[in-house]
Amino acid sequence: MKTATAIAHPNIALVKYWGKRDTALNLPAVPSISLTLDGFRTRTQVIWGVEEDAVHHDGQPAAAAFAKRVTDFLDIIDPNRPPCMVLTENNFPVGAGLASSASGFAALAVAATRAAGRTDDRTALSALARQGSGSACRSLFGGFVEWKLGSRPDGRDSHGVPIAQRSYWEVAMVVAVVNEGPKAVGSTDGMEASRHTSPYYKGWVDSAPADVEAAKDAIYDRDLDALGRVMEHSTLKMHACMMAANPPLLYWMPATLALMAEVRELRASGISAWATMDAGPQVKVLCRRKDADRVREALTPHARSVHVLRPGAGARLDEEE
Ligand code: DP6
């Protein structure tokens with residue numbers, strides 16, 4: 001019996017991943033760019049070699065569907081593995097569009113491979129985490145990260161690549177939580193529904209690579225207005241694509257629109273603040289760190305809670321803390 005514990009943070013996509021070209025290997029139809037955040041985190045312990053498989057989440061036996069995703073992932077690491085115990089905890093809501101699957105599978109990839117006696121490098125761990133949840137491949141790295149499309153049929157070249165470390169730029173992501181309940185349609189099903197039924201899907205996929213290039217240039221130039229413009233364009237295109245699916249996917253709530261209007265007001269008052277939304281109603285606002293308190297104040301009347309998060313570190317073993 002061997003055990004290992006890992007910590008990972010969620011990442012928020014600045015240029016979104018939405019759509020798969022291969023569901024078995026979980027390969028994306030589009031490249032994407034993200035910012036790993038501190039503050040929110042998943043901590044996961046894996047005990048490799050127990051009596052029978054068990055998955056616990058925040059001290060309780062995990063729901064069957066979640067437990068199956070976890071044990072299926074352990075099977076990818078070693079199809080002949082012994083039964084394992086996985087104990088995972090989050091300090092933020094799960095399944096609500098706050099990227100819990102990203103931090104979850106990044107932490108699991110690091111802890112499980114080490115518990116299995118492996119010493120994979122970060123890039124291999126990123127490609128592995130991708131198979132648990134696509135966005136997880138970006139949480140292996142801190143700061144600004146690109147998820148490369150890759151071209152190999154085995155998917156080994158589709159993984160996160162660091163663009164800029166977390167200390168590179170004094171920005172903050174202000175997360176306005178509108179509703180903490182789990183989403184009705186998960187990202188995996190939502191993407192497939194968009195791929196098969198949305199007439200806008202092709203336009204979404206075809207236009208994504210240029211957004212990634214524009215976002216990278218903006219990051220290299222530390223040009224927040226340029227990054228914000230492409231970020232909002234990417235999220236609104238993704239949501240337009242989902243809304244045009246049949247049946248439609250609409251993750252927003254009235255407060256989502258109120259928060260977006262507030263962000264436009266902030267810009268009109270001279271603050272560079274830019275909104276992005278994932279598969280949920282929460283609004284995440286990118287701004288300069290010095291403006292974060294002002295942004296938080298503006299968002300607070302419309303949200304259940306508001307969190308100011310800074311760029312965070314990549315997934316790591318807990319011993320490294
Ligand atoms: C809207 O990574 O959760 O947050 O690969 O099917 O597990 P699966 O999807 P997931 O999707 C995240 C979608 C998104 C945008 C993003 O993070 O890029």
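The following legends describe close-up views of a predicted model.

**View 1. A salt bridge between Asp278 and Lys16.** Asp278 and Lys16 form a salt bridge in which the closest N and O atoms are 2.7 Å apart. Asp278 belongs to the loop between strand 13 (273-276) and strand 14 (283-288), while Lys16 belongs to the loop between strand 2 (11-15) and strand 3 (20-22), so the pair ties together parts that are 262 residues apart in sequence. Both Asp278 and Lys16 are buried. The model has 21 salt bridges in total.

View 2. Asp206 is joined to Lys202 by a salt bridge, with 2.6 Å between the closest N and O atoms. Asp206 and Lys202 both lie in helix 5 and are 4 residues apart, about one turn of the helix. Asp206 has a relative accessible area of 49% and is partly exposed. Lys202 is exposed, because its relative accessibility is 60% and the cut-off for exposed is over 50%.

View 3. Arg296 forms a salt bridge with Asp293, and the closest N and O atoms are 3.4 Å apart. Helix 8 holds both Arg296 and Asp293, which are 3 residues apart, about one turn of the helix. Arg296 is partly exposed, with a relative accessible area of 34%. Asp293 is also partly exposed, at a relative accessible area of 48%.

**View 4. A patch of negative charge on the surface.** The patch gathers Asp217, Asp221, Asp223 and Asp225. One of these residues, Asp221, is found in the loop between helix 5 (201-220) and helix 6 (224-243). Asp221 is exposed, and its relative accessible area is 58%.

**View 5. The surroundings of Arg304.** Arg304 is placed in the loop between helix 8 (292-299) and strand 15 (305-309). Arg304 counts as exposed, with 64% relative accessibility. Apart from neighbours within four places in sequence, Arg304 is in contact with Val177, Val178 and Asn179. Gln282 is 22 residues from Arg304 along the chain, and the C-alpha atoms of Arg304 and Gln282 are separated by 9.9 Å.

View 6. Leu98 sits in the loop between strand 9 (84-90) and helix 2. Leu98 is buried, because its relative accessible area is 4% and the cut-off for buried is under 20%. When neighbours within four places in sequence are left aside, the residues in contact with Leu98 are Pro10, Phe40, Phe92, Pro93, Val175, Val177, Gln282 and Lys284. Met242 is 144 residues from Leu98 in sequence, and the two are 18 Å apart in space, C-alpha to C-alpha.

**View 7. The buried residues of helix 3 and their cover.** Helix 3 comprises residues 122-132, and its buried residues are Leu125, Ser126, Ala127, Leu128, Ala129, Arg130 and Gly132. The cover over these buried residues includes two helices, helix 1 (64-77) and helix 2 (100-115). Strand 4 (27-28), strand 10 (144-147) and strand 11 (160-164) are also among the elements that cover them.

View 8. Most residues other than glycine have a negative phi, and most peptide bonds are trans. Asn26, which is not a glycine, has a positive phi of about 55°. Asn26 is found in the loop between strand 3 and strand 4 and is buried, with a relative accessible area of 7%. Asp58 also has a positive phi, near 50°. The place of Asp58 is the loop between strand 7 (54-57) and strand 8 (60-61), where Asp58 is partly exposed, with a relative accessible area of 42%. A cis peptide bond, with omega about 0°, joins Asn246 and Pro247. Pro247 lies in the loop between helix 6 and helix 7 (254-268).

Technical notes. Residues numbered from 1 in each chain as written. Predicted model: local features only at pLDDT ≥ 70, side-chain atom pairs only at ≥ 80, totals over all residues. Heavy atoms only, no water. Patch = residues over 30% accessible without salt bridge, like charges linked within 9 Å, V, L, I, M, F, W, Y side chains within 5 Å. Areas by Shrake-Rupley, 256 points an atom, 1.4 Å probe, with all protein chains shown as cover. Salt bridge = Lys/Arg side-chain N within 4 Å of Asp/Glu carboxyl O. Lys, Arg positive; Asp, Glu negative; His and termini not counted. Charge placed at Lys NZ, Arg CZ, Asp CG, Glu CD. Buried < 20%, exposed > 50% of the residue type's maximum accessible area, 1.4 Å probe, protein only. Contact = heavy atoms within 4.5 Å.
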